[in-house]
Amino acid sequence: MPGPRTGNPPVVHPHRNHRIQNHGIPRIEDYALVGDHQTAALVGMNGSVDWLCLPRFDSAACFAALLGDERNGHWRIAPEGADRCTRRGYRPGTLVLDTEWETDDGAVRVTDLMPQRDRAPDLVRIVEGLRGEVTVRSTLRLRFDYGSIVPWMRRQNGHRVAVAGPDAVWLRTDEGVRTWGRDFTTHSEFTVAEGERVAFVLTWHPSHEPHPPFVDPYEALDTAVEDWEAWTARCTYEGPHRDAVVRSLITLKALTYQPTGGIVAAPTTSLPEELGGVRNWDYRYCWLRDSTLTLNALLSAGYHEEAECWRDWLLRAVAGDPADLQIMYGLGGERRLPEFELDWLPGFGGSAPVRIGNAAVRQLQLDVYGEVIDSLALARRSGLPSKPHMWRVQVALMEFLRKAWRQPDEGLWEVRGPRRHFVHSKVMAWVAADRAVRAVELNPKLSGDLDGWRAMRDEVHQEVCERGYDAKRNTFTQFYGSRELDAAVLLLPRVGFLPPDDPRIVGTIDAVRDELGHGGFVRRYSTEGPPVDGLPGSEGVFLACSFWLADALHMTGRTQEARELFERLVGLTNDVGLLSEEYDPVADRHLGNYPQAFSHIGLVNTALALYGEDRAG
């Protein structure tokens, strides 16, 4: 790697002027994301990379301090003696992160990025002097297999190489940077003056293979900025909060596994839904329940290529016997995602257990059949190129669902309690029949049991209205015979089950807001009393459901209320525009895996509904 370079420093552009405070308890929202469309790293406000799985989103982490402490692996670059940064932000329209510190000796910036890879993943960190002369330290503590394996570190050709089992990592830096090992940690120290730059590059490859070609970090930075700016320029949304919408779309792109088009729910595992609780799950997989809303967001914002890749991943994943359809799959469509616990990690903020894999993969969730058929219908209406087997897949799914829709299931929230007749699941069975009927009516050349599907559609609709509706309270409920509510029924007008002005829909929206409302947002269901999900403890408000409430309010003519709620939701984004799965209004902190695709999909779709032209379908 060449020596230090000089250059004109770009300006840090924070997403919003959030206060940067020092908190004793770790905060999920303290982290920013960088990634290369195959994996991602989380970078804290103190300049520490505390989470990175290599080479894929679902690989074992080599930095796992996020779920433990520094002993479980991290890489911090910051001025000597400094703690949290002074300011940070993404360069506009990119996933390139700038973090700045002001010190008594001057000012310095660390720029973090992961270039789109050719063969191997690289994490690039460039230190730049902005003012004065600042001493900077790098502390690299690699711990493979989720913080449990200390690698053997050696020098080779002037670089540091760490090897343990199947993993090899190279650390390269500019000439003249003093680097040494101590206590199974690699330390570096150097001084930067105004205009000087010093780069570090961390590269992973399989330990049995030779190292891949090394990237030039400065060229990688320029290319990354150019590529991201070109990508975000394609966004067709021009309404209010465009910066938040673009940041959400960038996040969705960053969570896309480029080789297959699959989109992970989040790049993390086991970030808690309750601080100190046990509701900690692995979200590094692709869920079918997100498919229609994801397609709508991408298509409506102008990203047809990404939408087509997601549709194609969906078709490959669901291929096979419809009875074997799963609620989630691996990045490439893998079916086996066995769940186990890592007992050496204490969890984020002491929230144990830390889980790898997801046992919910074996659950029966009837709603996913409706999600898949609705997604493929949306793709067809939106003009995405058809696939020869698309309709055959839908017919097979419909024939299975005709026999299976009367069964109880675990529902879209993956409850680990007994199966029930969840209203949302039945409604999505209706959606499947409705979309299949409409497809044949619009194109009589398509084969299918039109009369049988119409009969199923009518039967499901009648049953839901009779058994899933509480006439005394004028609301649809969580499951048949239940008094409990479920925020998922806010989707009924969106999917067309009943018109928005139907009194039962208006009543349901009001009931959900009254009974599940908390701090101006909504929970997905109640965790008080005997929990429907079979788990102890509680959780925060669910951000995707709060966006659904805004959508439902808008559809029923209460647009001003919807916009006010949307403003509050956008206000929950952290200083770099990211959202987690949930939020605690009392403690004012993010909860759950992060950043969460479902939340960012909700932000995009609600913005489009309130302020844009929804062109999808």
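This is a predicted model: local features need pLDDT of at least 70, side-chain atom pairs count only at pLDDT 80 or more; totals for chains, interfaces and linings use all residues.
Local features need pLDDT of at least 70 and side-chain atom pairs count only at pLDDT 80 or more, while totals for chains, interfaces and linings use all residues. Numbering starts from 1 along each chain as its sequence is written, and side-chain values use heavy atoms, with hydrogens and water left out.

**View 1. Helix α4 packs against helix α5.** The pair, residues 291-300 and 304-318 (DSSP runs of H or I, at least four residues, numbered from the N terminus), sit with axes 8 Å apart at about 160° (lines fitted to C-alpha atoms over the stretch in contact, angles from 0 to 180 degrees between N-to-C directions). That makes α4 roughly antiparallel to α5 (angles over 145 degrees). On the α4 side, look for Ser 291, Thr 294, Leu 295, Leu 298 and Leu 299; they meet His 304, Glu 306, Ala 307, Trp 310 and Leu 314 of α5 (heavy atoms within 4.5 Å).

**View 2. Here's the largest cavity, about 200 Å³.** A cavity is a set of points on a 1 Å grid over the protein atoms alone where a 1.4 Å probe fits but cannot get out, and lining residues have an atom within 4 Å of a point. Volume is the space filled by probe spheres set on the points. Of 20 lining residues, Glu 273, Trp 281, Trp 413, Glu 414 and Arg 524 are closest to the centre.

**View 3. The second largest cavity comes in at about 50 Å³.** Helices α12 (543-555) and α14 (597-611) each supply at least two lining residues, and α14 gives the largest share, 5 residues. Leu 293, Phe 547 and Trp 548 are among the residues lining this second cavity.

Definitions and conventions. Angles under 35 degrees count as roughly parallel, over 145 as roughly antiparallel, 65 to 115 as roughly perpendicular and the rest as oblique. On a 1 Å grid over the protein atoms alone, a cavity is a set of points where a 1.4 Å probe fits but cannot get out, and a pocket is an open set with protein on both sides within 12 Å along at least five of seven lines; lining residues have an atom within 4 Å of a point.
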